[in-house]
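Below are a few exercises to work through, each with a solution you can check yourself against.

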Amino acid sequence: MDTNARRRRVHTTVEDTEATLYNHDLSLYPKFPCSEIPLSEFEELAIDRVQLFRIIEQASLKGHKYFSDEWKKCIKDDMMKNNLKKFVRLLSGFNGQTELDIQARRADHISHFILRIAYCRSEELRKWFLARELEWFKIKFVSNSTPSILKFLQLNELNYQTISNEEKEDLKESLIVCTPGMNDVQVMMSEFYKVPFLDVWTLVQKRRVFLKEGYAYIPINDLVVSIQSTFRTTLSSKLVLMNRNLPNLDDERLSNLLCNLHQAYTGNEYTVSNDKDAINPADIDEYSKKHYPLCMRNLHETLRANHHLKHYGRLIYGLFLKAIGLKYEQFIEFWRSEFTKTMDTDAFNKNHLYNFNHQFGKVGKRVNYSPYSCMKIIMSNVGAGDAHCCPFRHFDVGRLRAKISECGAPSEGVSEIMQLVNNGHYQIACTKYFQYTHPQPSSNTINHPNQYFEESMNLVKDKTEKIVS
Amino acid sequence: MASACCSDNEPAFTEEYLKNIVPYYTKLMPLPKLYEWFGYGNPEIFAKREISFTLSNDVYIRYQSFDSFEEFFNEIKKKAPVKIDIGAIYKTKPKIKALGFELTATRKDLVFDIDISDYDDVRTCCNGAGICNKCWKFMAIATKIISAVLKEDFNYEHILWVFSGRRGIHCWVADRHARELTNEVRSAMTEYFNLLKDGNKTKKVVLTGRIHKKIYERAIKIIDEYFMDILEEQDLLGTDLRLRKFLDMIDKGVRKQFQKSMTAVKCSVERWEAFEQTFTELQESDDLKTLKEEIKLQYTYPRLDVHVTRSLDHLLKTPFCVHPKTEKICIPFEAEKVDDFDLEKVPTLSKVIEELKTYDEREDTLPLGLNDYQKTSLTQHIELLERFVNNLEKDDKMKY
């Protein structure tokens, strides 16, 4: 696939007004963008921001401590790798006023609003979006210098009151003991702001702030907590409001993109190419034990046990098999031999053959369908009797626990995985599962069942290559 | 959710209790004032507040709500509950829950619950549901520390302390700001408060950079008013077992020295003095940090039942209920006078009914026009409630 095509941008001219509209890297996005935008750019910006947010999400899931230097570096590196230079620009801390800076802020602004529309539709989506927006805001905020932050406060009419020198002198001792990460000199050198404690309750929870009579006293760096809290409240209510008004948005070209954005997959497509090594159908049972992710292993085992899968099970497992290199004839034979254990060949040919041919792109629209990504599987509806699912997301706790230990995860691994599941980190749980059932961890967070399979196979290949050489 | 608090096999209610409870509700319990408070002066708010009853046959009725005082009052008279709990104010009237609607809690007073039974690993005078004036000192410390934090750190002023009728105390914070706190923030506040780690660790308090000096120094100051008394009354170090538990809290590197000096003497006070002396001696060479404070805090810092505070929809017993087991009335008390609180003198159901009867049978019933409760020992406690509710209403009007 030509991945660059999507990136080729139509140059948009910057109007005078944009220079004033986009004068700071930090924004709380108070105003809707009102300019014309080509559909292609609309789509591009939407995907870019989704990708940006996934990068941010994965950095902490990769085990980097939240807002540590490694965490920030990991995000920047991934952004560079994924061609998100314009967003990297917003982290420079210089707050430049060149055309490139303004373009970057424009992209930030517009993509924010596109995602608002896409992510207002359910509680789950809103939560994810809100969390990422707040993280993105904070990354930008902490990259800024003090003068630049002051400028931002002024531009946004955020009137935080600093305390007077006399008040600081009075509270000196308390400020020093209660403000982590600052010594006496630093406390005396920096400005302190007085905010209602509710605005910074996360600091209160961790006892990282000095409280007096309902007010919290914070240095400029902690202001971000308070601004985030305001940002969260406004954005959260705007999302709810937008959701109510969404039916009015009646444009098919947009609604298709917007409704599927969260499932949009931003990595390798894993569609079949001819250079792929063919796999031997006889190896499938063994592969399912050694190299399959849990979701596919579950589908395979269900198929072997029941000699049948329901529609989405057939589709998801079929596309996976195709992508790991099962050839067409073997693919049909694989399904036929299993299904005909409970039905005769005629029934199979009549009821199912077309469907499998369609999956392989042999009939109908003849599309070379891509196999399902993790996000698509996680977000799919799983009904009674369905075997397709993300076990980390859809299995009940007891069943999942039993299954992963049955599959060879050691007990400390099981509890670590269950903890991740508990916190809703299904893909990271899967990544950990990989780590505990393989000699070494996967090189990336698991995003796709076929990625899991390939990484797992690569470990075997590496080993055999080493033995051969 | 709040369930009947004890399932022990004590006898069910005495005949006298069942005979007295309805007259108590109708004549003595300050239901009109409570009604004012729970609706914050607004009947429409009260109509959305969850009221639950525990009946004498142990049936527990949740999600009731009442559209008017009369309805509330008549239902109490009719059902004669042995316990009345107050819950949150919901978006819609909680009684629609019965029709299958989901409820969303929006507001409730910020509440704290401390049970003396959570101090069972420290106190030696009683255990379980038992409580005496000696254990009350733990409650006094909790009252003072929590009051200080609420006022000095959070600026709350409408605070009502209530004896829960048997083994603990409740604290109600009714400031408008406090009523509107979300579950998240309530939970965050309990973490701000809590210095004791959960679990079976021998050392439950570790003061590190994260726990500011300000919080624990203020607490220690209050604790020091009581510590030596508690040490002596509870005989905290009086047996080998208790001493061993104490020594377990001390770092292995220096434990031997403490053990030596402390075992050389016998009684609790002497042993503590030996500890302090060794502490001073060792302090020069070893870094003992805040060991002494940590030990004091572990013994006496308030032990909150955090679940009660954390969630909006948690219920709590209404002040002035009669505890079904002890027949003691859940009376409010003044935090400043917590030291004078005498468990023996808490009015009981039979006592106040008797007081009322005696008064009414008197020849001279002057002055005329007294409320029924004014004829009993409930007077000062009801006046306390009235002051609390009146101040709250005044403040609500002034500020909002």
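Before you start: residues are numbered from 1 along each chain as its sequence is written, and chains are lettered from A and ligands numbered from 1 in the order in which they are written. In this predicted model, local features need pLDDT of at least 70, side-chain atom pairs count only at pLDDT 80 or more, and totals for chains, interfaces and linings use all residues, while side-chain values use heavy atoms, with hydrogens and water left out.

**Exercise 1. Describe the contact between chain B and chain A.**

Step 1: count residues. Chain B supplies 22 and chain A supplies 18, where contact means heavy atoms within 4.5 Å.

Step 2: get the area. About 1,700 Å² is buried between the chains, and carbon and sulfur atoms give 62% of that. Buried area here is the accessible area (1.4 Å probe) that two parts lose on being put together, summed over both.

Step 3: look for polar links. There are seven residue pairs in polar contact between chain B and chain A, both at pLDDT 80 or more. That term needs a pair of N or O atoms within 3.5 Å; within protein, one must be able to donate a hydrogen and the other to accept it, and residues adjacent in sequence count only if both atoms are side-chain atoms.

Step 4: assign elements. On the chain B side, α5 (136–153), α7 (183–193) and α8 (213–233) each give two or more residues, and α7(B) gives the most, with six. Helices here are DSSP runs (H or I, at least four residues), numbered from the N terminus.

**Exercise 2. Find out what surrounds A:Leu52.**

Step 1: A:Leu52 sits in helix α2 (residues 39–61) of chain A.

Step 2: check accessibility. Its relative accessible area is 0%, so A:Leu52 is buried (buried means under 20%, exposed over 50%, partly exposed in between; 1.4 Å probe, protein chains only).

Step 3: list the partners. Ignoring neighbours within four places in sequence, A:Leu52 touches A:Met79, A:Leu84, A:Phe87 and A:Trp136.

**Exercise 3. Work out how the salt bridges of A:Asp77 and B:Glu233 are placed.**

Step 1: A salt bridge is a side-chain nitrogen of Lys or Arg within 4 Å of a carboxyl oxygen of Asp or Glu.

Step 2: take A:Asp77. This residue pairs with A:Lys73, the closest N and O atoms being 2.9 Å apart. A:Asp77 is partly exposed at 33%, and A:Lys73 is exposed at 53%.

Step 3: take B:Glu233. Its side chain meets that of B:Lys137 (2.9 Å, N to O). B:Glu233 is in α8 and B:Lys137 in α5 of chain B, so the pair ties together parts 96 residues apart in sequence. B:Glu233 is partly exposed at 30%, while B:Lys137 is buried at 19%.
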